[in-house]
Amino acid sequence: MPGGRLTQQERQQIALGLADGLAYAEIARRLDRPTSTITREVMRNGGPTTYRADLAHRSTERRTHRRRQAAPRGPETSEQAYGRDAEAVREYEETFTTVMMASGMPTMMARVMACLTLTDTGSLTASELAQRLQVSPASISKAIAFLESQGMVRREQGERRRERYVVDDDVWYQTMMASARSLAQLVETARQGVHVLVPGTPAAARLENIARFLDFVSESTARAAEQAREILRTTPETTSTSDGTP
């Protein structure tokens with residue numbers, strides 16, 4: 001986080017900015033912080049309507065204390081082996097989680113999804129997830145059930161009959177297709193309303209326009225996802241130096 005961690009005074013300024021209806025970007029500008037820092041801070045601590053500076057500050061202190069107490073094991077060991085900065089990885093995971101929360105995903109589901117996505121194996125057991133996220137197995141179970149229902153994770157049998165939860169590279173394609181199907185259901189519902197409210201009336205005309213708009217977005221989303229699906233199965237090109245070495 002550029003400039004170090006947020007101070008209690010800065011959190012109070014964030015709370016005042018939210019109360020005044022300021023956008024995250026404006027609050028960030030006034031504090032000379034990146035917008036992502038403000039977004040992550042607010043979403044991590046209840047969202048814009050329930051954010052409280054004092055509670056946010058105490059929560060951060062508790063998280064910091066837990067991190068110092070916990071010894072890195074398992075997946076974190078492999079991150080160190082790749083020469084990664086553990087703190088930078090942790091900060092990025094929080095940013096990634098915040099972005100998914102901002103898109104509408106519940107907090108614990110977003111945390112589990114980010115945790116799985118940012119592992120090299122793309123899979124973890126329930127106990128590994130609970131250890132990494134410092135939450136109860138029940139919280140993991142609930143989050144996995146939701147993600148599985150959305151087609152975002154799948155289960156596979158691991159060693160000693162332990163289930164592993166897996167994020168496939170194809171998950172973002174499946175997510176986009178699920179979004180397109182959800183929009184298609186809204187289109188159908190809106191068009192049903194046109195007949196209920198009598199075609200040609202102002203309310204019916206509004207619903208018809210909504211249906212036409214969402215129908216276009218749904219078809220475009222599905223078509224784009226199909227066309228781009230192969231990208232998820234390719235290996236990104238590496239940047240080479242002038243002498244040809246990677």
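How many helices and strands does the chain have? It has eleven helices and three strands. The model is predicted. Along the sequence, these elements follow the pattern α-α-α-α-α-α-α-β-α-α-β-β-α-α. Buried residues account for 35% of the chain's 246 residues.

**Helix H9**

- Helix H9 covers residues 137-149, which is 13 residues.
- From first C-alpha to last, H9 reaches 18 Å, close to the 18 Å expected at 1.5 Å a residue.
- Its buried residues are Ile140, Ala143, Ile144 and Leu147.
- Seen down the axis of H9, these buried residues fall within an arc of 100°, so they line one face of the helix.
- The face of H9 turned away from the buried side carries the exposed residues Ala138, Lys142 and Ser149.
- After H9 comes Gly151, whose phi is positive, near 70°.

**The largest nonpolar core**

- In soluble globular proteins, nonpolar side chains tend to be buried together.
- Here, the largest nonpolar core holds 38 residues.
- Ile14, Val112, Met113 and Leu129 touch the most other members of this core.
- Helices H1 (8-19), H2 (24-31), H3 (35-44) and H6 (86-102) each supply at least two residues of the core.
- H7, H8 and H9 each supply at least two as well.
- H7 gives the largest share, eight residues.
- Leaving out residues up to four places away in sequence, Ile14 touches Leu6, Ile27, Leu31, Ile38, Glu41, Val42 and Tyr51.

**The second largest pocket**

- The second largest pocket contains about 360 Å³ of space.
- Its lining is made of 13 residues.
- Nearest the centre of this pocket lie Ser103, Met105, Gln150, Met152 and Thr175.
- Helix H10 (residues 171-196) provides the largest share of the lining, five residues.

**Contacts along the chain**

- Take the contacts between residues at least 6 apart in sequence: 54% of them join residues at least 24 apart.

Notes: Residues numbered from 1 in each chain as written. Predicted model: local features only at pLDDT ≥ 70, side-chain atom pairs only at ≥ 80, totals over all residues. Heavy atoms only, no water. Helix = DSSP H or I, 4+ residues; strand = E, 2+ residues; numbered from the N terminus. Expected span 1.5 Å × (residues − 1). Buried < 20%, exposed > 50% of the residue type's maximum accessible area, 1.4 Å probe, protein only. Arc of directions from axis to C-beta. Core = buried A, V, L, I, M, F, W, Y, C linked by side-chain atoms within 4.5 Å. Contact = heavy atoms within 4.5 Å. 1 Å grid on protein atoms, 1.4 Å probe; cavity = no way out; pocket = protein on both sides within 12 Å on 5 of 7 lines; lining within 4 Å. Points joined across faces, edges and corners; volume = space filled by probe spheres on them.
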